[in-house]
Amino acid sequence: MMRFGLFGTGYWAEHTQGAALVSHPDAELVGVWGRDPAKAAALADRLGTRPYGDLDALIADVDAVAVALPPDVQAPIAERAARAGRHLLLDKPLALTTADADRVVDAVTDSGVASVVFFTGRFDPEVTASLEQAAAGGGWSSARVTMYASIFAAGGPYSGSAWRKVHGGLWDLGPHALSRLLPVLGPVTEVTALAGAHATSHVLARHDSGAVSVLMLTLDAPPAAPLFEYQLHGEAGVLDLPGGSGDPVAAFGRAIDELLAEARRTGTPAHPCDVRFAREVVAVLEAAQLSQQEGRTVAVR
């Protein structure tokens, strides 16, 4: 049984991470910490656990941390927990800068703890199988990912999400897109990005395989025009990748399973969605953001 601390008190913390942790047979939810003590107490009561007022006290009482907080808040907590020897079950994006992501990677490397970052689709069996088959087949020369979401309508679970309003679809949806493209097309070497209508980021990415991908990402699409498509083009023709089951609780349950397996593994853990992979995603997004701001092609660090 792995003892978890949950960091975060929002919708995702309660209805995805918290729900999955409470129902998992091999996980024990020890407590909840949040930036608002009242919200932490209320969520802890609903999840049948205890609130913690001190972040380090919760880290000290657990084997692993699950984090559902904005990325700039998540990164320092993850670094702190890793240096305390706690396994990490994090959300995407890992951080908002490559420098912050590097600090988490260094902490994980130094401590030898296991890490899994929850790129939701990568924990869906249908999505995983399709990516493995596409990567094995090879021959893909281009890809197109369109993710047009509309989340800011009044009353929606994320309508008040301040970090999403500031950083938009590039940082919230971009990790989902890249988590599908990188395993098939390989690392990104340079990007060119433009800002479009409805806070849309249009990203052109060159991969070191020679393939070029196009990403169109927004959280503020017209409510009548949502669209989610993942498409590969190559020698084998056109392949439409699946979007996933849409059940994040089941997917997070698999992420817990995989963190448990990584923690038991002898030698250096190397999950395909660990903090090192998540750092690679952050580097692409950071380059795209700079390209969008400065109107030039940017190499990925």
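This is a predicted model: local features need pLDDT of at least 70, side-chain atom pairs count only at pLDDT 80 or more; totals for chains, interfaces and linings use all residues.

Student: Which helices do arginine 46 and glutamate 14 lie in?

Tutor: Arginine 46 belongs to helix α2 (residues 37–47) and glutamate 14 to helix α1 (residues 11–23), so the pair ties together parts that are 32 residues apart in sequence.

Student: Is glutamate 14 buried or exposed?

Tutor: Glutamate 14 is buried, at 17% relative accessible area. Arginine 46, by contrast, is partly exposed, with a relative accessibility of 49%.

Student: And what does arginine 80 form a salt bridge with?

Tutor: The partner of arginine 80 is aspartate 56, and their closest N and O atoms are 2.6 Å apart. Since arginine 80 lies in helix α4 and aspartate 56 in helix α3 (residues 55–60), this pair ties together parts that are 24 residues apart in sequence. Arginine 80 is partly exposed at 44% relative accessibility, and aspartate 56 is partly exposed at 35%.

Student: How many residues apart in helix α4 are arginine 83 and glutamate 79?

Tutor: They are 4 residues apart in helix α4, a separation of about one helical turn. Salt bridges with shared partners join Glu79, Arg83 and Asp110 into one network.

Student: How many salt bridges does a search of the whole structure find?

Tutor: The search finds 15 salt bridges.

Student: Changing topic: which residues are buried in helix α7?

Tutor: Within α7 (residues 162–172), the buried residues include Trp163, Arg164, Leu170 and Trp171. Among the elements that cover the buried residues of α7 are α4 (71–83), α8 (174–185) and α10 (275–294), together with strands β9 (200–207) and β10 (212–218).

Student: And the fold overall? How many helices and strands are there?

Tutor: The protein chain has 10 helices and 13 strands. Its radius of gyration is 19 Å, close to the 19 Å that the globule rule gives for 301 residues, so the chain is as compact as a globular protein of that length. Buried residues make up 52% of the 301 residues.

Student: What share of the contacts with a separation of 6 or more comes from residues 24 or more positions apart?

Tutor: Such residues account for 70% of those contacts in the protein chain.

Methods:
Residues are numbered from 1 along each chain as its sequence is written. Side-chain values use heavy atoms; hydrogens and water are left out. Helices (H or I, at least four residues) and strands (E, at least two) are DSSP runs, numbered from the N terminus. The radius of gyration is taken over C-alpha atoms; the globule rule is 2.2 Å times the number of residues to the power 0.38. Buried means under 20% relative accessible area, exposed over 50%, partly exposed in between (1.4 Å probe, protein chains only). Contact means heavy atoms within 4.5 Å. A salt bridge is a side-chain nitrogen of Lys or Arg within 4 Å of a carboxyl oxygen of Asp or Glu.
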